[in-house]
Amino acid sequence: MKAHFLFVLLIALCLGCKTEPDENPDANKNSQPFNHQQWLTKEGDDYPFREKMFHTVVYNDTIRSLNKEEIINLLGPADRFEDNHYYYRIAQTRLKDWPLHTTSMVIKFSEADSVVWIKIHE
C-alpha cells in the first residue's frame, strides 16, 4: 500500500512539473510582432519594447534559421557575449543603480555560426 501511494505521488509530481515553456508565442497576450527599430530603441539603460516582442523572436522558426551575422544584423549587437552565447537584455529591475533582477534572451551559436537554441534567462 505504501509503495502504491509513493508511486502515485511520484507520477503526480512528474505530471505537475512543466520543464519547457509554452511553444505558442500567442500564449502571451501582451506580445507584439517584432519590429527592428523598436527592438533597438534604448531609453537610458532600458529597452522599452523588448519585453513585448521577445516571444516573437524566441518562437520564430525563420529567425532560428539565420546565421550569427544575420542575427546580429537583425537584433543589433548583443549586450554581452561569451563562449558563443549572445545575451540580449529584455528587462531589468533595479534599486537605484544596482540590478535586482534581469531577464535576458540568450542565443547559443554553433561553431559553424548557426543557431543551436534560443532561451530566456532570468
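Mentor: Start with the largest nonpolar core, which has 18 residues. Such a core is a set of buried Ala, Val, Leu, Ile, Met, Phe, Trp, Tyr and Cys residues joined through side-chain atoms within 4.5 Å. Those with the most contacts inside it are Trp39, Ile71, Leu75, Tyr88, Met105, Ile107 and Ile118. Helices H3 (50-58) and H5 (68-75) each supply at least two of its residues, as do strands S2 (85-95), S3 (98-109) and S4 (115-121). H3 gives the most, with four residues. Helices (H or I, at least four residues) and strands (E, at least two) are DSSP runs, numbered from the N terminus.

A word on the source: this is a predicted model, where local features need pLDDT of at least 70, side-chain atom pairs count only at pLDDT 80 or more, and totals for chains, interfaces and linings use all residues. Residues are numbered from 1 along each chain as its sequence is written, and side-chain values use heavy atoms, with hydrogens and water left out.

Now H5. Its buried residues are Lys68, Ile71 and Leu75. Seen down the helix axis, they fall within an arc of 60°, so they line one face of H5. That arc is taken from the directions from the helix axis to the C-beta atoms. The face turned away carries exposed Glu69 and Asn73. Buried means under 20% relative accessible area, exposed over 50%, partly exposed in between (1.4 Å probe, protein chains only).

Asn67 caps the N-terminal end of H5. Just after H5, Gly76 takes a positive phi of about 85°.

Methods
A polar contact is a pair of N or O atoms within 3.5 Å; within protein, one must be able to donate a hydrogen and the other to accept it, and residues adjacent in sequence count only if both atoms are side-chain atoms.
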